[in-house]
Amino acid sequence: MQEGRKGVPSLLSSQGECIASNITQLIGWTPLIELKNIAKKDGIAARLVGKIEPYQPLSSVKDRSALRLIEDAEERGLISPGITTLAGVTSGNLGIGVAFVAAQKGYKFIAVMPAKLSIDKQILLRYLGVEVILVDPALNGFKGLLDRVEQLKKDMENVFVIDQFTNPANPDAHFRWTGPEIWKDTAGKVDIFVAASGSGGTVTGVGRYLKMKNPSIKLICVEPAESAVISGGEPAFHNIQGIGPGFIPEILDRSQIDEIVTVTTQEAMGMARRLAREEGLLVGISSGANAAAILKVAAREENKGKMIVTMFSSGGERYLNSELFAQVKEECININKAFC
């Protein structure tokens with residue numbers, strides 16, 4: 001397979017029928033898009049480019065990690081369909097990725113999630129046949145989630161933990177696939193790569209590949225201003241789902257990060273709404289954080305004319321019941337009351 005062309009392009013390049021054998025074959029390549037409207041409106045002279053990960057089968061960059069985490073465990077003989085139960089901590093998107101890959105391959109999956117975080121993702125996980133265990137995030141924070149997974153291992157036989165925070169297969173997915181896609185589709189012209197860190201997989205894997213191809217490429221990590229742990233701050237509550245877990249993930253390679261940019265929850269949500277209304281891009285909160293960060297970077301004099309690439313990590317529909325959509329949701333409810 002041509003480097004950077006896993007997924008749909010692999011079907012289109014074949015002779016004869018273009019039919020995927022199963023849904024996992026569709027995980028891979030996604031298009032890049034230039035944010036020309038926002039750049040023009042804000043007077044930005046740099047090129048702002050986003051990678052549209054909602055094009056993944058279940059609309060998230062985590063589809064890539066989920067596939068590689070499961071395939072890696074299979075390759076090492078650690079799991080078997082129909083025998084092994086997969087379990088893991090997730091804020092939702094990785095769990096959804098694991099859920100559909102597990103369903104296709106024949107694994108049972110148990111997702112451990114913080115309660116009250118995302119009803120949309122809980123609904124999708126249950127719809128996909130996943131057993132969802134909710135843990136009160138006020139009790140021991142992230143450790144409480146890990147403790148619940150450890151309890152599952154004690155209570156059940158043949159449990160394998162899908163751990164995106166420590167397993168090198170996570171960044172490997174982005175070194176193998178995402179990084180090569182960006183390099184090829186920008187014709188090697190990318191100057192700066194900007195990505196938020198949740199598990200650390202994307203920024204580590206993509207950054208590692210791009211710097212291998214061109215060491216002068218700058219790698220910028222984005223994290224919530226309210227919980228800027230990578231920058232040396234204290235963990236705290238924020239509402240940018242999927243990033244800023246409140247600790248530094250084991251797989252995050254900080255040695256290759258050139259700079260850290262912080263973004264507030266309100267900046268992230270404001271930019272996600274701008275992307276919808278000015279570029280027609282319906283993306284999630286962390287995508288808004290990435291876009292807000294590239295605007296900050298692009299506004300600098302030294303970055304005029306440079307190509308700055310970021311990730312639009314998930315689709316916006318997954319956040320309909322979050323603060324991101326709160327105002328329009330309330331407006332729609334009030335309008336419909338007139339017809340009751």
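How many aromatic pairs does a search of the whole structure find? I ran that search and got two. I counted rings of Phe, Tyr and Trp (its six-membered ring) as paired if their centres lie within 6.5 Å, with planes under 30 degrees apart called stacked, over 60 edge-to-face and the rest tilted.

Before going on, I noted that this is a predicted model, where local features need pLDDT of at least 70 and side-chain atom pairs count only at pLDDT 80 or more, while totals for chains, interfaces and linings use all residues. Residues are numbered from 1 along each chain as its sequence is written, and side-chain values use heavy atoms, with hydrogens and water left out.

Aromatic pair. I looked up Phe 175 and Tyr 209, which are edge-to-face at 5.6 Å centre to centre, with 75° between the planes. Phe 175 lies in helix α7 and Tyr 209 in helix α8 (residues 201–213), so the pair ties together parts 34 residues apart in sequence. Helices here are DSSP runs (H or I, at least four residues), numbered from the N terminus.

Domains. I took the bounds from an automatic or database domain assignment: domain 1 is 8–60 + 170–324 and domain 2 is 61–161. Their C-alpha centres lie 23 Å apart.

Interface. I found 36 residues of domain 1 in contact with 23 residues of domain 2 (heavy atoms within 4.5 Å). The two domains bury about 2400 Å² between them, 57% of it on carbon and sulfur atoms; this is the accessible area (1.4 Å probe) lost on putting the parts together, summed over both.

Salt bridges. I counted 23 by the rule (a side-chain nitrogen of Lys or Arg within 4 Å of a carboxyl oxygen of Asp or Glu). Three of them cross the interface of domain 1 and domain 2. Helix α7 (residues 169–185) gives the largest share of the side of domain 1 that touches domain 2, eight residues. I also checked Glu 181 with Arg 64, closest N and O atoms 2.8 Å apart, and Arg 68 with Asp 172, at 3.0 Å. Arg 68 is in helix α3 (residues 62–75) and Asp 172 in helix α7, 104 residues apart.

Methods
Helices (H or I, at least four residues) and strands (E, at least two) are DSSP runs, numbered from the N terminus.
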